[in-house]
Amino acid sequence: MIALNIAWTHLTSRKRQTAVSLVGVVLGVAFFLAVSALMRGSEKDFITRLIDNSPHITVSDEFRTARLQPARLRWPDDLVEIAGLRPNNETRGIRGWRYRLGQIESLPGLKAAPVLVGSAVLLFAGQEQGISLSGIVPARMRGVSSIEEKLVEGSLDDLEANPGGIIIGAGLAEKFSLRRGSTVNLVAGGGSNRSLTVVAIFRTGNAGYDESQTYVLLKRAQLLLGRPDRVNRFIIKLADASQALLVASRIEAMGTYKAVSWAEASEDILNVLFVRNVIMYSVVSAILLVASFGIYNTLSTIVMEKTRDIAILKSVGFQARDIRHIFVLEGLIVGTLGSVLGLAVGAGLMQLMASVQIRPPGGTAMVNLPVWWGGEQFLIAAGFALLSCLLAAWLPARKAGRLHPVDILRGAT
Amino acid sequence: MSVVLRAQGLHKILAGDVPTTLIKDVDLEISAGEFVCIMGPSGSGKSSLLYLLGLLDVPTHGTIALDGVNTQGFNDAQLTQLRLEKLGFVFQFHFLLSEFSVLDNVCLPMRRLGRWPEAQCHERAMSLLTRLGVAAQASKLPSQLSGGQRQRVAVARALANDPLILLADEPTGNLDTVASANVRQILHDLTRELGKSVIAVTHDPKFAAGADRRINVVDGQIDPDWQPL
């Protein structure tokens, strides 16, 4: 308590210097917070877009590893040599998909939809375009895929109502000047040919997707591709996207079919984001580090000016430890006050940035700066500020604790 | 009378390129309630001896026993604790903490020791200030006091933890005649009324005249024959 009393008195008796160090910490914490909120916000925004345009987990009719031969299964520990091996021809598609889908849906916190994916060629007015054909059950796609939100004309219900309907992307529509109600011819991989009516048009903003992706009803796709009652993909949406890796491995464990999570599929991008975070945190930490020099400076000055006081305190019976406490406390006081004020100023900056609308170069729509309000970065900013203040205070404090009263008394008397 | 401080074979040598001997082979004993003056020419090692006796410094050789406790081999923390409990210091310059009131300055050692609750610290401090005639200044800052008043506050602080021995380094060296007579009188009274031992370094023959005993230090050694000019 006496140490706190003395520390407080030291700081308040030199208001200007204390204020300068305090402003340093406040600005440091505020910028740390604002910049990290913006960077983390843009990261989350990016990931959301990344995830939205693809399912969280895709289960496909593939295996990660070739099937083991019966001989190897029968004698796993013995030497079995099989030469000239070729894996058995599998029937394409997920076997017993209704049962497996039911199994997957029994897991908590997810929604799944069956899809049959194949390729086809679209013929219209003498032109051809290779497309990717997805057979879907519209009711099941809701809440799993974002396709419904991307529709600019028509709806999923139109597809449900019209078994001969097809949903195409805006890129394809522009290319062939198609609109709702236009009729196109589709030639599928199996060779079957069918004319379909455009019932809806979507726009995702991804050019490749908008030009080559189409959706038809699952039954229609099964007929077109000549694979009745089969699907070859489950797409899965999770309530919490960050659980994707875990859930994917659980699904794989129950079915052996390959389940790829978005995190696995986009590992390279996540790595880039991680590196970006490392860079960002190093830069904003540097701000706080510089601010801590202000504290170091102030405390060093106080130690120099207060050598006589330190000599008195020591001669009266204050331990080196007590003296150190005084100066460490001074650093902590500045750090704590600076953090609290800095978080408030930083939150203000974040509010300001979140309200700014800008039009990116080449963009068509106004966007808000993505600011993330996560509590974790508040903790990181305050924690790092306190740590650097503690460090900045420790050096002068140690020096003060080491001062020898006799040296000072000799110099003074 | 019981011996409160016993020094035997004290040597203090400052290490360096040319080692300097500050104190050479000093033996002395201080009894309870004794008023001892240390005198000697400038640079003779009076203050160095006082710092050794006050456990502010450690001797190169020799032992110091305070209240029967041999301090040889004690570390800094142990010596500091002994100072806190058993010794009080008054320096030539008042050495009060300038940002704290007179009362807080006197309370400081008591708060560190933690033997008395805060209310009792205040009470004790006020009674010491009253005894030394500066109670009216209790809430002032040291800078608002005269030199004599400050030195009396310093004495009050030195007495705060009820020490065995009061060590004073030229306590009147920086005061005018009236103020130094006053401080001198106070230190004398302390030995009589409170039974404290006082060890004071001084240049002032008048100050020394009232002492029970005079110890002369010349060139770091005790010299009974030396006379002040």
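C121(B) is buried in this predicted model, with a relative accessible area of 1%; buried means under 20%, exposed over 50% and partly exposed in between, for a 1.4 Å probe and protein chains only. C107(B) is buried as well, at 0%. The structure holds 0 disulfides over all chains. A disulfide is counted when two cysteine sulfur atoms lie within 2.5 Å. C107(B) is in no disulfide, and its nearest cysteine sulfur, that of C121(B), is 5.7 Å away. For C121(B), the closest cysteine sulfur is in C107(B), and the 5.7 Å between them is too far for a bond.

The model is predicted, so local features need pLDDT of at least 70 and side-chain atom pairs count only at pLDDT 80 or more, while totals for chains, interfaces and linings use all residues. Residues are numbered from 1 along each chain as its sequence is written, chains are lettered from A and ligands numbered from 1 in the order in which they are written, and side-chain values use heavy atoms, with hydrogens and water left out.

Chain B contains an open sheet of 4 strands in the order 2-1-4-5, with antiparallel pairing. Strands (E, at least two residues) and helices (H or I, at least four) are DSSP runs, numbered from the N terminus. Two strands pair if DSSP finds at least two bridges between them. Strand 2 (20-31) and strand 5 (69-70) of chain B are the edges, each pairing on one side only. Strand 1 (residues 3-14) of chain B runs antiparallel to strand 2 of chain B, and 8 bridges join them. In strand 2 of chain B, T21(B) is the bridge partner of I13(B). Helix 1 (residues 46-53) of chain B packs on the sheet. This helix touches strand 1, strand 2 and strand 4 (61-66) of chain B, contact being heavy atoms within 4.5 Å. Its direction makes about 55° with that of strand 2 of chain B. Axes are lines fitted to C-alpha atoms, for helices over the stretch in contact, and angles run from 0 to 180 degrees between N-to-C directions.

E34(B) sits in the loop between strand 2 and strand 3 (35-39) of chain B. E34(B) is buried, at 11% relative accessible area. Leaving aside residues up to four places away in sequence, its contacts include E29(B), K196(B), D212(B) and R213(B).

Between the chains, 27 residues of chain A contact 27 residues of chain B. The buried area is about 2,500 Å², with 62% from carbon and sulfur atoms; this is the accessible area (1.4 Å probe) that two parts lose on being put together, summed over both. The interface of chain A and chain B holds 2 salt bridges, each a side-chain nitrogen of Lys or Arg within 4 Å of a carboxyl oxygen of Asp or Glu. E99(B) forms a salt bridge with K306(A), with the closest N and O atoms 2.4 Å apart.
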